[in-house]
Amino acid sequence: MDKLPMTRGGYDALNAELKQLKSVERPAIIRAIAEAREHGDLSENAEYHSAREKQSFIEGRIKELEGALGLSEVIDPKKLSGAIKFGATVTLVDEDTEEEKTWQIVGEHEANIEKGLLNIKSPIARALIGKDEGDSVEVHTPGGDRAYEVLKIQYI
């Protein structure tokens, strides 16, 4: 299988979530299921069904995190330079609105657009890969075509 590129911060955040799920959430839900069982008839026990549903979600998330962490390849952006690639923090200006945006290109499991973490597989990131400062880039997004100019590339 292909390796999943990830920053150290993204890896650490996923690892912390995994530890939280295994050491806190899983034992708590097991206790909640045991407590709900004590209330009798399971077929009409809403607490039991709710706890089992939450347990299913937790177990699924644990498997997802273990898979992602097992396939991860931690990349340190500080060791990189040059044209835009994974880990770059890029400042762009929208050529239509003159609005500046700064994003870091990260792996899909750590992406969070509200925090400025752009998924490497997103249309914007794919269009930016290989570009340099001063380059103009056309991006085809679900919201329509956009044009950006690359103002600054940093590896921090």
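Q: Which strand do 3 bridges join to E4?
A: Let's start here, keeping in mind that this is a predicted model, where local features need pLDDT of at least 70, side-chain atom pairs count only at pLDDT 80 or more, and totals for chains, interfaces and linings use all residues. Residues are numbered from 1 along each chain as its sequence is written, and side-chain values use heavy atoms, leaving out hydrogens and water. Strands are DSSP runs (E, at least two residues), numbered from the N terminus, and two of them pair if DSSP finds at least two bridges between them. The strand that runs parallel to E4, with residues 117–119, is E5.

Q: What is the bridge partner of Gln104 in E5?
A: Along this pairing, Val106 stands opposite Asn119. For Gln104, the partner is Leu117.

Q: How many bridges join E3 to E4?
A: These strands run antiparallel, and Thr91 stands opposite Thr102 in E4. Their hairpin has 5 residues between the strands, and Glu98 takes a positive phi near 65° there. The number of bridges joining E3 to E4 is 5.

Q: Is Thr89 buried or exposed?
A: Thr89 is found in strand E3, residues 89–94. Buried means under 20% relative accessible area, exposed over 50% and partly exposed in between, with a 1.4 Å probe and protein chains only. Because its relative accessibility is 9%, Thr89 counts as buried.

Q: Which are the edge strands?
A: The open sheet has 5 strands with mixed pairing, in the order E5-E4-E3-E7-E6. Two of these strands each pair on one side only: E5 and E6.

How values were computed. Helices (H or I, at least four residues) and strands (E, at least two) are DSSP runs, numbered from the N terminus.
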